[in-house]
Amino acid sequence: MLFRSAASSFSGFGKVLISSFKIFRNAPGTLETSTYKLSFSTSRNPVGSLSTTYANNVGPDSSVFGTYNLGGAIQPITDFVGTTPFLYDPAAGDLLLNVEVLSAANDGNAAYFVSQLSNSSLLERVFGPAPVGYLAVTSGSLVTEFTFEKAVASVPAPLPLFGVAAGFTASRRIRKRLKATN
(Lines give C-alpha, C1' and ligand atoms only; values in the text may rest on other atoms or scores of the structure.)
Protein backbone atom coordinates (compact mmCIF):
# COMPACT_ATOMS: atom_id res chain seq x y z
CA MET A 1 0.00 0.00 0.00
CA LEU A 2 1.38 3.42 -0.91
CA PHE A 3 0.50 6.70 0.78
CA ARG A 4 1.72 10.07 -0.38
CA SER A 5 1.99 13.47 1.32
CA ALA A 6 2.51 16.78 -0.44
CA ALA A 7 5.96 18.32 -0.13
CA SER A 8 4.24 21.47 1.12
CA SER A 9 3.67 19.66 4.44
CA PHE A 10 7.38 20.17 5.12
CA SER A 11 7.77 23.58 3.46
CA GLY A 12 10.08 25.95 5.23
CA PHE A 13 12.19 23.19 6.78
CA GLY A 14 14.40 22.25 3.84
CA LYS A 15 15.87 18.75 4.10
CA VAL A 16 14.68 16.85 7.17
CA LEU A 17 15.67 13.58 8.80
CA ILE A 18 12.50 11.62 9.71
CA SER A 19 13.17 9.39 12.73
CA SER A 20 9.61 8.33 13.63
CA PHE A 21 5.97 8.92 12.86
CA LYS A 22 2.56 8.20 14.37
CA ILE A 23 -0.76 7.42 12.73
CA PHE A 24 -4.10 7.90 14.44
CA ARG A 25 -7.01 5.43 14.46
CA ASN A 26 -10.35 6.45 12.96
CA ALA A 27 -12.49 3.58 14.24
CA PRO A 28 -11.95 0.54 16.47
CA GLY A 29 -11.10 -2.62 14.61
CA THR A 30 -8.49 -5.30 14.21
CA LEU A 31 -5.38 -5.45 12.12
CA GLU A 32 -4.27 -8.68 10.43
CA THR A 33 -1.34 -10.13 12.36
CA SER A 34 1.59 -9.81 10.03
CA THR A 35 5.03 -8.39 9.43
CA TYR A 36 4.92 -4.98 7.75
CA LYS A 37 7.88 -3.41 5.96
CA LEU A 38 7.71 0.39 5.74
CA SER A 39 9.81 2.32 3.25
CA PHE A 40 10.02 6.01 2.43
CA SER A 41 10.99 7.71 -0.80
CA THR A 42 10.11 10.74 -2.81
CA SER A 43 7.37 10.06 -5.33
CA ARG A 44 7.96 10.08 -9.06
CA ASN A 45 4.38 11.31 -9.49
CA PRO A 46 3.03 14.60 -8.11
CA VAL A 47 0.00 14.74 -5.81
CA GLY A 48 -3.11 13.62 -7.65
CA SER A 49 -1.41 11.23 -10.05
CA LEU A 50 -0.34 8.02 -8.30
CA SER A 51 0.03 5.09 -10.67
CA THR A 52 -1.69 1.79 -9.86
CA THR A 53 1.65 0.13 -10.71
CA TYR A 54 3.57 0.34 -7.45
CA ALA A 55 7.06 0.61 -8.98
CA ASN A 56 6.04 3.64 -11.05
CA ASN A 57 5.50 5.67 -7.86
CA VAL A 58 8.66 4.87 -5.91
CA GLY A 59 11.51 7.36 -6.23
CA PRO A 60 15.23 6.61 -6.60
CA ASP A 61 15.89 7.46 -2.93
CA SER A 62 13.75 4.59 -1.56
CA SER A 63 14.92 3.42 1.85
CA VAL A 64 13.54 0.83 4.28
CA PHE A 65 12.45 2.73 7.39
CA GLY A 66 11.76 -0.39 9.47
CA THR A 67 10.02 -3.75 9.73
CA TYR A 68 7.25 -4.15 12.32
CA ASN A 69 5.19 -7.05 13.66
CA LEU A 70 1.64 -5.80 14.15
CA GLY A 71 -1.73 -7.35 14.75
CA GLY A 72 -4.82 -7.40 16.91
CA ALA A 73 -6.83 -4.43 18.11
CA ILE A 74 -5.93 -1.17 16.37
CA GLN A 75 -4.46 1.18 18.96
CA PRO A 76 -5.63 4.81 19.14
CA ILE A 77 -2.11 5.84 18.11
CA THR A 78 0.41 3.59 16.38
CA ASP A 79 4.01 4.80 16.68
CA PHE A 80 6.69 3.73 14.20
CA VAL A 81 10.28 4.41 15.24
CA GLY A 82 12.62 3.98 12.29
CA THR A 83 15.55 1.61 12.40
CA THR A 84 16.95 3.72 9.55
CA PRO A 85 15.84 7.38 9.60
CA PHE A 86 14.90 8.80 6.19
CA LEU A 87 16.52 11.95 4.79
CA TYR A 88 13.67 13.74 3.02
CA ASP A 89 14.25 16.62 0.63
CA PRO A 90 10.90 18.28 -0.27
CA ALA A 91 12.57 19.79 -3.35
CA ALA A 92 12.94 16.22 -4.73
CA GLY A 93 9.18 15.57 -4.66
CA ASP A 94 6.31 14.47 -2.46
CA LEU A 95 6.92 12.07 0.42
CA LEU A 96 5.84 8.49 -0.31
CA LEU A 97 5.26 5.78 2.31
CA ASN A 98 5.27 2.23 0.99
CA VAL A 99 3.67 -0.36 3.32
CA GLU A 100 4.47 -3.95 2.33
CA VAL A 101 2.63 -6.81 4.03
CA LEU A 102 5.25 -9.55 4.19
CA SER A 103 3.14 -12.34 5.69
CA ALA A 104 -0.59 -12.46 6.24
CA ALA A 105 -3.20 -15.19 6.08
CA ASN A 106 -6.02 -12.89 4.93
CA ASP A 107 -6.50 -9.41 3.60
CA GLY A 108 -6.83 -7.22 6.69
CA ASN A 109 -8.51 -3.87 6.95
CA ALA A 110 -7.37 -0.98 9.09
CA ALA A 111 -9.22 2.29 9.57
CA TYR A 112 -7.05 5.30 10.26
CA PHE A 113 -8.26 8.82 10.77
CA VAL A 114 -8.73 10.99 7.69
CA SER A 115 -9.01 14.70 8.39
CA GLN A 116 -11.24 16.67 6.01
CA LEU A 117 -8.90 19.65 5.78
CA SER A 118 -10.10 21.08 2.49
CA ASN A 119 -11.18 20.02 -0.97
CA SER A 120 -7.67 20.72 -2.23
CA SER A 121 -6.06 18.21 0.15
CA LEU A 122 -5.92 14.72 -1.29
CA LEU A 123 -5.27 11.43 0.40
CA GLU A 124 -4.18 8.99 -2.26
CA ARG A 125 -3.36 5.36 -1.78
CA VAL A 126 -2.68 2.40 -3.98
CA PHE A 127 -3.55 -0.92 -2.33
CA GLY A 128 -3.90 -4.57 -3.18
CA PRO A 129 -1.55 -7.26 -4.43
CA ALA A 130 1.60 -6.13 -6.22
CA PRO A 131 2.69 -5.32 -8.90
CA VAL A 132 -0.57 -3.51 -9.76
CA GLY A 133 -3.06 -2.33 -7.15
CA TYR A 134 -6.17 -0.20 -6.90
CA LEU A 135 -6.23 3.58 -6.57
CA ALA A 136 -8.32 5.34 -3.92
CA VAL A 137 -8.50 9.13 -3.68
CA THR A 138 -10.36 10.98 -0.95
CA SER A 139 -10.54 14.59 0.08
CA GLY A 140 -8.66 15.17 3.30
CA SER A 141 -5.44 13.81 4.70
CA LEU A 142 -4.26 10.93 6.86
CA VAL A 143 -3.61 12.29 10.34
CA THR A 144 0.09 11.66 10.83
CA GLU A 145 2.61 13.14 13.22
CA PHE A 146 6.26 13.11 12.18
CA THR A 147 9.28 13.36 14.44
CA PHE A 148 12.10 14.91 12.47
CA GLU A 149 15.03 17.26 12.69
CA LYS A 150 16.30 19.71 10.16
CA ALA A 151 19.18 18.11 8.27
CA VAL A 152 22.41 20.03 8.69
CA ALA A 153 24.81 20.26 5.77
CA SER A 154 28.06 18.52 6.54
CA VAL A 155 31.00 20.79 7.27
CA PRO A 156 34.46 19.63 6.28
CA ALA A 157 36.65 18.67 9.20
CA PRO A 158 39.72 20.86 9.82
CA LEU A 159 42.24 18.13 8.92
CA PRO A 160 41.26 17.94 5.20
CA LEU A 161 41.26 21.75 5.03
CA PHE A 162 44.73 21.78 6.59
CA GLY A 163 45.86 19.27 3.94
CA VAL A 164 44.54 21.46 1.12
CA ALA A 165 46.30 24.51 2.58
CA ALA A 166 49.57 22.60 3.01
CA GLY A 167 49.34 21.28 -0.57
CA PHE A 168 48.69 24.78 -1.92
CA THR A 169 51.68 26.17 0.01
CA ALA A 170 53.93 23.37 -1.25
CA SER A 171 52.82 23.92 -4.85
CA ARG A 172 53.65 27.65 -4.56
CA ARG A 173 57.18 26.81 -3.31
CA ILE A 174 57.73 24.35 -6.16
CA ARG A 175 56.48 26.92 -8.68
CA LYS A 176 58.95 29.53 -7.29
CA ARG A 177 61.85 27.03 -7.55
CA LEU A 178 60.93 26.20 -11.13
CA LYS A 179 60.81 29.91 -12.06
CA ALA A 180 64.19 30.47 -10.41
CA THR A 181 65.84 27.64 -12.38
CA ASN A 182 64.40 28.83 -15.72
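## Overall architecture

The chain contains one helix and eleven strands; both kinds of element are DSSP runs numbered from the N terminus, with helices (H or I) of at least four residues and strands (E) of at least two. In sequence order, the pattern reads β-β-β-β-β-β-β-β-β-β-β-α. This is a predicted model, in which local features need pLDDT of at least 70 and side-chain atom pairs count only at pLDDT 80 or more, while totals for chains, interfaces and linings use all residues. Residues are numbered from 1 along each chain as its sequence is written, and side-chain values use heavy atoms, with hydrogens and water left out.

Of the 182 residues in the chain, 30% are buried. Here, buried means under 20% relative accessible area, exposed means over 50%, and partly exposed lies in between (1.4 Å probe, protein chains only). The accessible surface of the chain comes to about 11100 Å², and carbon and sulfur atoms contribute 58% of it. Such areas come from the Shrake-Rupley method with a 1.4 Å probe; for residues, only the protein chains shown count as cover.

A contact means heavy atoms within 4.5 Å. Among contacts in the chain with a separation of 6 or more, 78% are between residues 24 or more positions apart.

Two strands pair if DSSP finds at least two bridges between them. An open sheet is formed by three strands in the order 5-2-11, with antiparallel pairing. Its edge strands are strand 5 and strand 11 (144–150), each of which pairs on one side only. On average, neighbouring strands of this sheet are turned by 15 degrees against each other, direction ignored. For such values, axes are lines fitted to C-alpha atoms, for helices over the stretch in contact, and angles run from 0 to 180 degrees between N-to-C directions.

Strand 2 and strand 11 run antiparallel and are joined by seven bridges. Within strand 11, Glu145 stands opposite Lys22.

## Strand 3 and its partners

Which part of strand 3 is covered? Ten of its 13 residues are buried, so the strand is mostly covered. Strand 3 runs antiparallel to strand 4, and nine bridges join the two; Ser34 stands opposite Leu70 in strand 4.

Strand 3 also pairs with strand 6 in the antiparallel sense, over eight bridges. In that strand, Glu100 is the residue opposite Lys37.

## A salt bridge between strands

Side chains of opposite charge can pair when their charged atoms come close. A salt bridge is defined as a side-chain nitrogen of Lys or Arg within 4 Å of a carboxyl oxygen of Asp or Glu. By this rule, the count comes to one salt bridge.

The side chains of Glu100 and Lys37 meet in a salt bridge at 3.4 Å, N to O. Because Glu100 lies in strand 6 (residues 95–103) and Lys37 in strand 3, the pair ties together parts that are 63 residues apart in sequence. Glu100 is partly exposed, with a relative accessible area of 32%, and Lys37 counts as partly exposed at 24%.

## Aromatic pairs and their cluster

Rings of Phe, Tyr and Trp (its six-membered ring) pair if their centres lie within 6.5 Å; planes under 30 degrees apart count as stacked, over 60 as edge-to-face and the rest as tilted. A search of the whole structure finds seven aromatic pairs. One of them is the edge-to-face pair of Phe21 and Phe40, with 5.6 Å centre to centre and 70 degrees between the planes. Phe21 lies in strand 2 (residues 16–24) and Phe40 in strand 3 (residues 30–42), so this pair ties together parts that are 19 residues apart in sequence. Phe21 counts as buried at 2% relative accessibility, and Phe40 counts as buried at 2%.

Tyr68 and Phe80 form an edge-to-face pair, with 5.1 Å centre to centre and 80 degrees between the planes. This pair links distant parts of the chain, twelve residues apart: Tyr68 is in strand 4 (residues 63–73) and Phe80 in strand 5 (residues 77–88). Both Tyr68 and Phe80 are buried. One aromatic cluster is formed by Phe21, Phe40, Phe65, Tyr68, Phe80, Phe86 and Tyr88.

## Phe13 in a loop

Phe13 is located in the loop between strand 1 (2–5) and strand 2. Phe13 is partly exposed, with a relative accessible area of 36%. Not counting residues up to four places away in sequence, Phe13 touches Phe148 and Lys150. The C-alpha atoms of Phe13 and Pro90 are separated by 8.7 Å, while the two residues are 77 residues apart along the chain.
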